[in-house]
Each structure stands twice: as structure tokens, then as C-alpha cells.
Amino acid sequence: MLTRPDVAVVGAGPVGLAIAWRCAARGLRVVVHDPAPGSGASHVAAGMLSPVAEAYFGEHELTGLLTESAARWPGFAAELTEAAGTDFGHRTDGTLVVGLTGDDLAEARRLWSYQQGLGLPITPLRPSELRDREPALAPRVRGGAVAPGDHQVDPRRLVAALRAAAERAGATLVPGAVASLTDVDARVTVVAAGCGAAALTGLPVRPVKGQVLRLRAPGRGTPDFRHVIRGYADGESVYLVPRADGEVVLGATVEERADTEVTAGAVLRLLRAAVDLVPDLAEYDLVEAAAGLRPGTPDNAPILGPLPGRPGVLVATGHHRHGILLTPVTADLITELVVTGSADPLLAPFAPDRFTVGAAARAAGRDRIAPTPEEETCN
């Protein structure tokens, strides 16, 4: 007779697989439902771990969660490398934020002044200091800053590593879609289905389209730069992420659309901005143009915790542009909630009920969401 799983995870992107790995490593019986693991937003993501460069105005609580997850990334990476038996391109070279024109630099300075005001580690650099770090930058670049703690990973390799770690820990992948949560039988169900969470939960998760390009250095060499470069070029925002294997990821558009078509205009804008900042990219091979759908929310913050009115159902979605960075902290917090039934205070600002009920109702009964494994025997 098959035993009822302790945990069913719906969605096998980085967040879902990390939760499955962490839960299975704690001795829980875990199944993961996904018809095509790793085929969602993570497949086209650049993999920037940028708690500083992506700290934006009015997102104080989210910035706190980003910095908390970034602090967990080194330990998470070491554990995952050991558990999976493979690496996934974790690099700690840091990020340069640059402005091509005077107006671009003014826009960049406005943001990093705000970031400095939060006590985040970002240091302005003169043009000569920028080119000392990255000679490939265009001479026209007017200035910039360095965020040494903003790192990167390769999301496609990360998904493969997380899947291997989860399966080695005992999790089982079920290659099928979940049309309704009533089709899932487990003590706790975790919905980590990205944009698909909207139909399953009724929560306001919307698709935000992002178009991304992948280039490759000529002759299968390494890129001419090692830092992640986030820049403004004649008003166009772009990022350039170099990989050790010669790949460079350029992105990304932000479009309130639900299609995944690649458009000529987006390719033109991304390439023009990237080449303006690093001219040698004009000689690189264009190997892929793709579009994905980020799971966005009304306040741009993730949705983490118990689903109102559905005992035993947790949600881990809505990570928008921060899914890779937030993977460690999301996995840790949701796993602890599954195991103990008690929510860490870090979850409070991101609870699903912020979209469904008032703060007073939210405060009542938040301590426990489901029986713990010790309280319920799964037969």
C-alpha cells in the first residue's frame, strides 16, 4: 500500500525543488508535481544574486528579505554542491552599475544614493576606476559604482543540481500537471508553480514578460569581462552576465504581457544598449533569443505562507525578478513551516492573506497552519 506523502510540492522550478530537497533532507516523504521541471521562468533567467543593485524605492521589506537570502547563499551553495555532486556556476566577482551618458549616470546615482542610505554596500567609481576593473567597457561610460556582494549563478545548472539533490534525498518527481489542489493528496501541499499559482490559489499572481538574449564569445573563449554589468545606455536599462563557459546573458525587457514571443524591437534595444556599454559584444555569436514569464504580484513582493481558507496549503510564489536570489530563504522558511507548523517572523510581510483579509484578522491564528509530522501519522 502506497503511503500518503508528507509534502506535495506543485512546481519544479528552483523554489519548488529547493523546498522539496530541504523537506526530504529533514526526513519527510516528498513528491513534486511538474510536467516539465525547470521549463518556466528560471529557464530564461540570468541568475543574478543582486540584493543591492535591485534594491528599489519603496521596497524596504523586500530589500530586507533579499539581503537575508543573499547572506544564506554561500552556505546554501556549498551544501547543494555537496548534495548534488555538481556545481552550478556560483560566481562572486561582484556587479558594476554604470551609466553611459550624463543623464544615465544621474539616474544611476539617484538609485545608488538610496541604496547607500539603506546601508547597502555599493561604492561609486570614477570612469578610470571602472575601466581598471573592466577594460572592455566603452570609453564613453561616464561613471558607475561597484556592488561587491552582488553575485551570480547559472539558473539552468542550478535547477539540475536541485533536482539531483532532491532525488538523492528521497523526493519523487511526478511528471504531470496539477489542474486543481483537490487532485493533490498530502499532509501539506506547497504551491510553487510560478504564474500557474494564480489558477490554483486565486491569488493575484500575474505574468510579466521578459525577453532575454544569449551570446557566446568568439572561438569558444571566455567573455572579455568578469563582473556582472548593470547599465543605463541612453535611457535603456540592460544587464550583462558573463559565464565561465563563454556565454553572456543580456536582458531583460519588462512587459505586462502573457505571451512568450520574441520581438525584433526588443532584440534591437537589448543589443544596442549592451554594445554601447561593451563594444566587443558586437563580435559575439547570437545563440539564443527567448522570453519567459515572471510571476508578479501587486506589490512586487513574493507570496509566502498559508493560503487563507485552505488548511494544509502553503504558497511560495510571486518572486517576480528575484526568484533565484530568494531560493535559499524561501526554501528554509517554508520547510520550517512545514516541519514545525510555526511561521518565522520573516514571513509576516509576505503572507498570502495580505491580499485577502485585513491586518487584524491576519494576526489572529497565524502561529499554526497544519499538524506537524509528529501530530499526524501518514498511512
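Reader: Is Glu129 buried, partly exposed or exposed, and on what grounds?

Author: The model is a predicted one. Residues under 20% relative accessible area are called buried and those over 50% exposed, with partly exposed in between. Glu129 has 26% relative accessibility, so it counts as partly exposed. Glu129 belongs to helix α4, residues 127–133.

Reader: How far is Glu129 from Asp87 in sequence and in space?

Author: The two are 42 residues apart in sequence, and their C-alpha atoms are 32 Å apart in space.

Reader: Which residues does Pro124 touch, once residues up to four places away in sequence are not counted?

Author: Pro124 touches Trp112, Gln116, Glu129, Gly144 and Ala145. Pro124 is part of strand β5. Its relative accessibility is 40%, so Pro124 too counts as partly exposed. From Pro124 to Ala147 there are 23 residues in sequence and 9.1 Å in space, C-alpha to C-alpha.

Reader: Where is Arg91, and is it buried or exposed?

Author: Arg91 sits in the loop between α2 (60–84) and β4 (95–99). Because its relative accessibility is 18%, Arg91 counts as buried. Leaving aside neighbours within four places in sequence, Arg91 is in contact with His151, Gln152, Arg226, Pro242, Arg243 and Ala244.

Reader: How should I read the pattern of buried residues along a helix, and which residues of α3 are buried?

Author: An α-helix has 3.6 residues a turn, so residues three or four places apart point the same way. In α3 the buried residues are Asp104, Leu105, Ala108, Leu111, Trp112, Tyr114 and Gln115. Their cover includes α2, β4, β5 (123–125), β6 (143–147) and β11 (228–233).

Reader: How many residues of α1 are buried?

Author: Eleven of the twelve are buried, so α1 is largely enclosed by the rest of the structure. The buried residues are Pro14, Val15, Gly16, Leu17, Ala18, Ile19, Ala20, Trp21, Arg22, Cys23 and Ala24.

Reader: Which residues other than glycine have a positive phi?

Author: Asn300 is one of them, with phi near 65°. Asn300 is in the loop between β14 (285–296) and β15 (303–306), and at 24% relative accessibility it counts as partly exposed. His320 is another, with a positive phi of about 55°. His320 is in the loop between β16 (313–317) and α8, and at 11% relative accessibility it counts as buried.

Reader: What joins Gly251 and Ala252?

Author: A cis peptide bond joins them, with omega about -15°. Ala252 is in the loop between β13 (247–251) and α7 (264–277).

Reader: How is the packing of two helices described, and at what angle do α1 and α2 cross?

Author: Two packed helices are described by the angle between their axes and the distance between the axes. The axes of α1 (residues 14–25) and α2 come within 13 Å and cross at roughly 75°. That makes α1 roughly perpendicular to α2. Ala18, Trp21 and Arg22 of α1 make the contact with Phe76, Glu79, Leu80 and Ala83 of α2. By class, this contact has five nonpolar, no polar and two charged residues.

Reader: At what angle do α2 and α8 pack?

Author: They pack at about 90°, with axes 7 Å apart; α8 comprises residues 327–340. That makes α2 roughly perpendicular to α8. From α2, Leu65, Glu68, Ser69, Arg72, Trp73 and Phe76 meet Thr327, Pro328, Val329, Asp332 and Leu333 of α8. By class, there are six nonpolar, two polar and three charged residues in the contact.

Reader: Which residues does UniProt list for the domain?

Author: The unreviewed UniProt entry lists residues 6–337 under "domain: FAD dependent oxidoreductase". Over those residues the chain is 31% helix and 25% strand, and the end C-alpha atoms are 13 Å apart.

Methods: Residues are numbered from 1 along each chain as its sequence is written. This is a predicted model: local features need pLDDT of at least 70, side-chain atom pairs count only at pLDDT 80 or more; totals for chains, interfaces and linings use all residues. Side-chain values use heavy atoms; hydrogens and water are left out. Helices (H or I, at least four residues) and strands (E, at least two) are DSSP runs, numbered from the N terminus. Buried means under 20% relative accessible area, exposed over 50%, partly exposed in between (1.4 Å probe, protein chains only). Contact means heavy atoms within 4.5 Å. UniProt positions are given in the numbering used here, feature names are shortened, and annotations may be inferred rather than shown by experiment. Axes are lines fitted to C-alpha atoms, for helices over the stretch in contact, and angles run from 0 to 180 degrees between N-to-C directions. Angles under 35 degrees count as roughly parallel, over 145 as roughly antiparallel, 65 to 115 as roughly perpendicular and the rest as oblique. Ala, Val, Leu, Ile, Met, Phe, Trp, Tyr, Cys and Pro count as nonpolar, Asp, Glu, Lys and Arg as charged, and the others, Gly among them, as polar.
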